[in-house]
Amino acid sequence: KNCTVWSYRVKTSINYTKGSDSLSLDCSKYSKQLAIHFSHHLCKRAASAQVFPLANVTIDEAVARRAEAALLLMDDYRNCQDRHDDEHVLPKKSLRSFVNYNDTSVNKSDVYFRVIQSMSTKKNNSSNPNITAPTPPILVEVINTRNPENYEYTVTISSNKIYTGTALQVKSTKHNATNSFRHIFRWIPSFPGEYKIFVHQVLNGVHKDPLNRQPTPLVSPSPLSIIVGQQKGGGNVFEISSEATMERIEDRIRKSVPCQTVNRVDAYSKWSGDWVGPDTPFQDHSIRTGWRFLPRDMGCHIESFSRRDLLSISKKKSIWVLGTSVFRGVFLSLVDLILSPEEKEELSSSVIGKCWGRALIKKGNLELVYQDFRAQMFEPFGSPKVMECHNEKIAKDADDSFIQNAADTWVEMFRDKDSWPDVIFMFVLYDNVGHGRDGLFFTHLEHFMSKIPPSWNGTLLLADRFWSAIGVTHRSYHKYHLYLEEINEMVHALNDTRVRWLDGMGISREMVMYSEYGPDGIGASQHFHGFCDVPYLEDMGQNNTMRVCGNVTEILGQLLLSHALGTKKQFDLEKLEEPKDEALEYCHACPLALTPFKLVAYPEVTCSEGKLHPRNDDEVYSFKAKQKICPQWCLEHEVDEVIPSQSDMINIRRCKVDLADVTTSSIESASAAKVKSQVTPAKDKPTKPIMHTFFESVVGGCCGMSQEQHEQLLKAWKESWEARGWETMILTAQDARKHKDFGTLEKKLISLEINEYNRRCYWRWLAMVEAGGGWISDYDVFPLELTAELGAEMGKNGTFKAFDNHVPSLIHASSNEWDRVIHLMMDLLPNKRADDTVISDMYSLLEVSKSSSKNSIVWSYRVKTSINYTKGSDSLSLDCSKYSKQLAIHFSHHLCKRAASAQVFPLANVTIDEAVA
């Protein structure tokens with residue numbers, strides 16, 4: 001066999017035993033197997049036999065969801081190994097056990113935990129005597145003898161000023177011998193010393209109500225003290241290869257580079273490492289508390305900058321933080337780092353300390369900006385116009401838009417090249433773990449990124465809601481790995497080397513006992529920071545006081561600084577010779593509370609110099625005067641959504657307002673309009689027809705136009721149709737995805753190698769079905785004779801009407817008709833694409849037009865496809881007669897190029913390519 005070693009050491013089948021209501025893994029079938037191959041064949045066979053790890057999946061779904069299934073099986077396999085240690089090794093006394101099932105001091109009706117370490121794993125199988133055997137893992141096992149459905153657990157192992165680490169949840173398994181449920185956490189110690197083990201019980205759902213400050217009770221026998229290392233006299237002593245471990249950490253530090261020099265988009269997409277305290281020998285680049293984070297898989301280290309460094313910055317630097325109060329903690333940690341003791345004495349009671357709007361700090365050459373930026377509030381582009389009330393206050397008038405204001409804020413950041421931010425740290429909404437790409441998330445993010453000038457060489461750091469002291473206590477091990485896989489995939493999909501995505505779960509998990517409410521409040525706060533009064537000695541020899549404490553927020557603040565300032569080595573060469581402690585400047589536009597949520601670009605700010613002061617009456621009442629009360633008719637509307645915040649529970653109502661009769665710039669007019677709508681008979685109140693279009697942004701633009709030019713065209717389309725009396729609505733991919741056949745259509749189009757632009761053209765047909773049918777035009781189609789009144793009259797009949805023959809530029813049909821015709825088009829798609837075949841929705845509609853009886857569709861030519869100007873000696877005049885009886889004009893690529901070539905384009909002196917743009 002050609003001197004090759006052949007063997008069968010890869011598992012190719014799944015061996016679960018079916019019980020009455022669950023599956024249990026047959027551990028014996030996995031003995032001596034190196035790995036398992038989750039092949040298509042394995043997945044289909046297991047699903048067919050109903051032994052696939054995921055319940056209720058079809059054979060095809062099993063293949064598609066094998067990543068999730070594999071992680072579940074890995075959890076079960078680890079539990080297999082743990083049961084094997086427990087049931088077979090323990091009787092041979094190869095485990096140390098300090099709290100066990102036979103311990104009469106433990107009440108078996110309660111939840112409790114035990115700690116064990118397998119000595120059998122400590123053998124050195126290497127032939128090299130210089131290789132130290134690895135430290136065997138320590139297992140912390142939580143045993144629940146009751147029904148565990150309502151409870152989850154966190155395990156924290158902490159050594160004062162040395163180390164802290166917290167477990168993510170692992171899958172619980174039933175232990176048949178004791179009829180109990182087990183949660184197992186593996187931990188390999190890095191340092192010798194005394195440790196305390198804390199196991200907290202977290203009630204399911206406590207994080208859904210942040211105002212419920214319910215304590216997270218400790219599970220007996222917390223806190224349990226153990227000794228890691230050799231100690232004479234016995235006791236709770238665990239083995240550790242401490243010398244080898246220290247050498248590995250020192251080697252890791254030596255080989256690592258500053259994180260800001262790592263030019264990989266996924267540099268922070270798996271955040272793993274060790275938090276080491278002030279009593280360890282690794283104090284370089286520690287934060288003010290003496291703690292330091294040592295990344296493991298990232299291959300880099302986070303450099304730290306002192307107050308002296310920040311006062312020595314030689315060129316202007318700007319950092320923007322866009323997010324929720326969790327993100328505000330990073331901003332406040334940076335503010336606390338740069339200010340003098342006198343300047344920040346009143347930080348907690350100042351406007352800056354708790355701002356739900358815009359806050360800005362300038363000290364020397366460093367500018368820090370915070371903008372409240374709650375992505376969970378953002379609407380899809382083109383959503384229907386509604387008034388939105390948060391509790392009893394108006395958050396958004398009907399003619400306002402959170403997402404548009406967010407986009408305007410991005411325009412504001414880049415309006416002046418001299419003030420471009422060096423670093424942006426932004427909250428993005430991503431809650432879709434395990435369910436594929438989130439369309440709304442990408443619509444928003446790609447739109448924001450389109451505002452970034454190509455020449456900007458700063459850094460955009462993204463983080464989602466999984467960066468939260470609450471959320472991490474409720475994340476299972478297998479869900480965490482799905483999350484890592486998906487954010488890594490999406491940051492590569494963004495394909496921009498200026499962008500990094502932070503692994504929120506990885507950052508959060510190690511410091512949950514050091515969040516806002518400390519060990520007694522695990523899972524009770526989202527915040528990692530809190531206001532405090534802790535003295536420390538800064539590097540300039542001056543006594544200072546920390547007013548904002550938070551190891552996590554400060555280490556992330558240092559990461560932002562490192563991307564803004566460059567490497568410490570480079571910074572030391574460029575910094576000022578002596579620090580300049582210039583006067584503090586600060587500006588703010590901060591509402592009194594989160595509700596009603598407001599997001600305002602170019603806000604009117606109040607600015608001051610000198611030390612921070614408590615919020616005064618002028619600052620309070622200036623915002624009270626601007627708050628508007630939600631009208632009674634909207635308060636009577638059913639609550640659409642409830643969102644928890646750190647200060648309140650927000651009842652959100654979204655109330656439709658007829659903009660033909662009212663703009664909601666005042667409460668009185670809105671209330672009057674509602675009363676009018678209730679007393680006016682429907683037949684006397686005309687309904688505006690809606691002209692739809694479909695728009696899904698492409699980063700960088702396409703089809704001869706930049707992203708900005710596409711948006712200008714969309715804006716012109718909207719203004720033109722509304723000027724003719726229409727309502728307008730912009731549909732997106734999110735609307736199309738609601739259709740039950742979206743996946744079928746998309747799979748077919750991809751198999752035919754249809755490009756993304758033309759696939760989106762097909763999506764709009766599905767979006768129109770979901771929108772309830774009606775009118776649609778391309779967003780380069782502009783109205784001529786098609787007024788709202790004429791459109792309402794023509795739309796009374798739901799027959800499919802194509803007004804530009806087979807070119808789908810202007811169409812009206814009922815929802816059923818839209819659905820019927822798109823399925824005709826799908827049926828006519830070829831099974832295989834010939835090399836020279838063009839496939840688009842236009843050509844599909846052409847095929848439909850050729851079929852029998854034209855399929856009950858009314859075809860006509862009522863869309864103008866040429867420009868008719870007459871050239872004079874020095875100007876153009878429009879030949880109005882050529883536009884008679886035409887409903888609209890289609891400013892297509894072909895029309896623009898042809899008009900520019902004939903020199904009858906409305907704009908003078910443009911090239912053919914410029915005409916399209």
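Colleague: What is the order of the strands in the open sheet of six strands?

Modeller: Bear in mind that this is a predicted model. The sheet runs β34-β33-β35-β38-β37-β39, and its pairing is mixed.

Colleague: Why do β34 and β39 stand at the edges?

Modeller: Each of them, β34 (727-731) and β39 (858-859), has a single partner strand, so one side of each has no neighbour in the sheet.

Colleague: What makes β33 and β35 a pair?

Modeller: Two strands pair if there are at least two bridges between them. Strand β33 (residues 690-694) and strand β35 (residues 773-777) have two bridges, in the parallel sense, so by that cut-off they count as paired. M691 stands opposite W775 in β35.

Colleague: Which helices pack on the sheet?

Modeller: Helix α16 (residues 707-723) does, touching β33, β34 and β35, and its direction makes about 150° with that of β34. Helix α21 (residues 815-827) packs there too, touching β35 and β38 (810-814), with about 110° between its direction and that of β38.

Colleague: Now to L334 in helix α6 (residues 325-338). Why is L334 called buried?

Modeller: Its relative accessibility is 3%. Buried means under 20%, so L334 qualifies.

Colleague: What is L334 in contact with, leaving aside its neighbours within four places in sequence?

Modeller: L368, G557, L560 and L561. L561 is 227 residues from L334 in sequence, yet their C-alpha atoms are 8.8 Å apart in space.

Terms used
Residues are numbered from 1 along each chain as its sequence is written. This is a predicted model: local features need pLDDT of at least 70, side-chain atom pairs count only at pLDDT 80 or more; totals for chains, interfaces and linings use all residues. Side-chain values use heavy atoms; hydrogens and water are left out. Helices (H or I, at least four residues) and strands (E, at least two) are DSSP runs, numbered from the N terminus. Contact means heavy atoms within 4.5 Å. Axes are lines fitted to C-alpha atoms, for helices over the stretch in contact, and angles run from 0 to 180 degrees between N-to-C directions. Buried means under 20% relative accessible area, exposed over 50%, partly exposed in between (1.4 Å probe, protein chains only).
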